Amino acid sequence: LKRRKRGWVVPPLNVAENHRGPYPLALIRSDIDKVKKIYYKITGPGANEFPVGLFTMDRDSGHLYVTQDLDREKVDKYMLFAHAEAAGGVTNVEEPMEIIINVIDQNDNKPVVATDADEPNTDNSDIRYRIMSQKPEDPSPNMFTINPATGAIRVNEAGLDREVRILTVLAHLTKIRIRLMCIFITKRTDLGR
Ligand SMILES: [Ca+2]
Ligand SMILES: [Ca+2]
């Protein structure tokens, strides 16, 4: 938290997606709390507007919390206003301060649940497959491809020796997601085809 000589300011906060809250993001303080009891609050989308309560403010301490995991693919930026009010009234002792929260991308391969849940006319028998992860990831993290309709796995790249690879495959129906673990043993003969 940087502070102007008078008043207050918070630099944009960078928060990685997919971390479950609650945990504190920042501490908001007004210098005026040295001479008066100050209550802090936040307003805006994510605070007192939809999605309500995603961010909360401890009114006494000024700690800003995130309460749930964020999804950058849904919302990549939040803009809140912090207010400092004198106890016993609703007088703002500071100008409302803008707080920008940037949601930092992670390489998450989760399907967008909202699409699955809301998609109409989806046949429950329509299973789709995708590779969630490959271990180990070297020499390339994309050594395999999967047919999304049949689930057939193919070797994607040359350079494999005889090794065991563990693939986590996600199969999902309309609302059901199933994780499958595939142990895939590659040999040189797999590559010659
Ligand atoms: Ca995400
Ligand atoms: Ca992401």
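These notebook entries record what I looked up in a predicted model of one protein chain.

**Entry 1. Confidence**

I began with the confidence values of the predicted model. The protein chain averages a pLDDT of 77, and 70% of the residues score at least 70. I then asked which element has the lowest mean pLDDT and which the highest. Helix α2, residues 188-191, has the lowest mean, at 47, while strand β4 has the highest, at 96. Over residues 188-193 the pLDDT is below 50. Beyond near neighbours in sequence, I found 6 contacts for this stretch in the model.

**Entry 2**

I listed the secondary structure next. The protein chain has 2 helices and 12 strands. Along the sequence I read the pattern β-β-β-β-β-β-β-α-β-β-β-β-β-α. I also looked up burial: of the 193 residues, 14% count as buried. Among contacts with a separation of 6 or more, 57% are between residues 24 or more positions apart.

**Entry 2. The sheet β1-β7-β6-β3**

I traced an open sheet of 4 strands in the order β1-β7-β6-β3, with mixed pairing. Strands β1 (13-16) and β3 stand at the edges with a single partner strand each, so one side of each is left without a neighbour in the sheet. The twist averages 30° from one strand to the next.

I then checked the pairings of β6 in detail. Strand β3 (residues 38-43) runs antiparallel to β6 (residues 77-86), and 6 bridges join them. Which residue of β6 is the bridge partner of Lys 41? The partner is His 83. Strand β6 is also joined by 6 bridges to β7 (residues 97-104), and this pair runs antiparallel. Two positions in β7 were noted for this pair: Met 97 lies opposite Ala 82, and Glu 98 lies opposite Phe 81. As background, I recalled that side chains in a regular strand alternate between the two faces of the sheet.

**Entry 3. The sheet β2-β5-β4**

I traced an open sheet of 3 strands, ordered β2-β5-β4, with antiparallel pairing. Which strands stand at its edges? They are β2 (23-27) and β4 (55-57); each has a single partner strand, so one side of each lacks a neighbour in the sheet. Here the twist averages 30° from one strand to the next.

For the pairing of β4 with β5 (residues 63-66), I counted 3 bridges, and the two strands run antiparallel. Within this pair, Phe 55 stands opposite Val 66 in β5.

**Entry 4. The largest nonpolar core**

I turned to the largest nonpolar core, which has 19 residues. Those that touch the most other members are Tyr 40, Ile 42, Phe 55, Leu 80 and Ala 82. Strands β3, β4, β5, β6 and β7 each supply at least two residues of this core. The largest share, 4 residues, comes from β6. In general terms, nonpolar side chains tend to be buried together in soluble globular proteins.

I took Leu 80 as a worked case and asked which residues it is in contact with, leaving aside its neighbours within four places in sequence. They are Ile 42, Thr 43, Gly 44, Gly 46, Ala 47, Phe 55 and Ile 99. Of these contacts, Ile 42 and Phe 55 are listed with Leu 80 among the core residues that touch the most other members.

Notes
Residues are numbered from 1 along each chain as its sequence is written. Chains are lettered from A and ligands numbered from 1 in the order in which they are written. This is a predicted model: local features need pLDDT of at least 70, side-chain atom pairs count only at pLDDT 80 or more; totals for chains, interfaces and linings use all residues. Two strands pair if DSSP finds at least two bridges between them. A residue is buried if 20 or more other C-beta atoms lie within 10 Å of its own, exposed if 12 or fewer, and partly exposed in between; C-beta atoms are placed from the backbone. Two residues are in contact if their C-beta atoms, placed from the backbone, lie within 7 Å. Axes are lines fitted to C-alpha atoms, for helices over the stretch in contact, and angles run from 0 to 180 degrees between N-to-C directions. A nonpolar core is a set of buried Ala, Val, Leu, Ile, Met, Phe, Trp, Tyr and Cys residues joined through C-beta atoms within 7 Å. pLDDT is the predictor's confidence in each residue, from 0 to 100.
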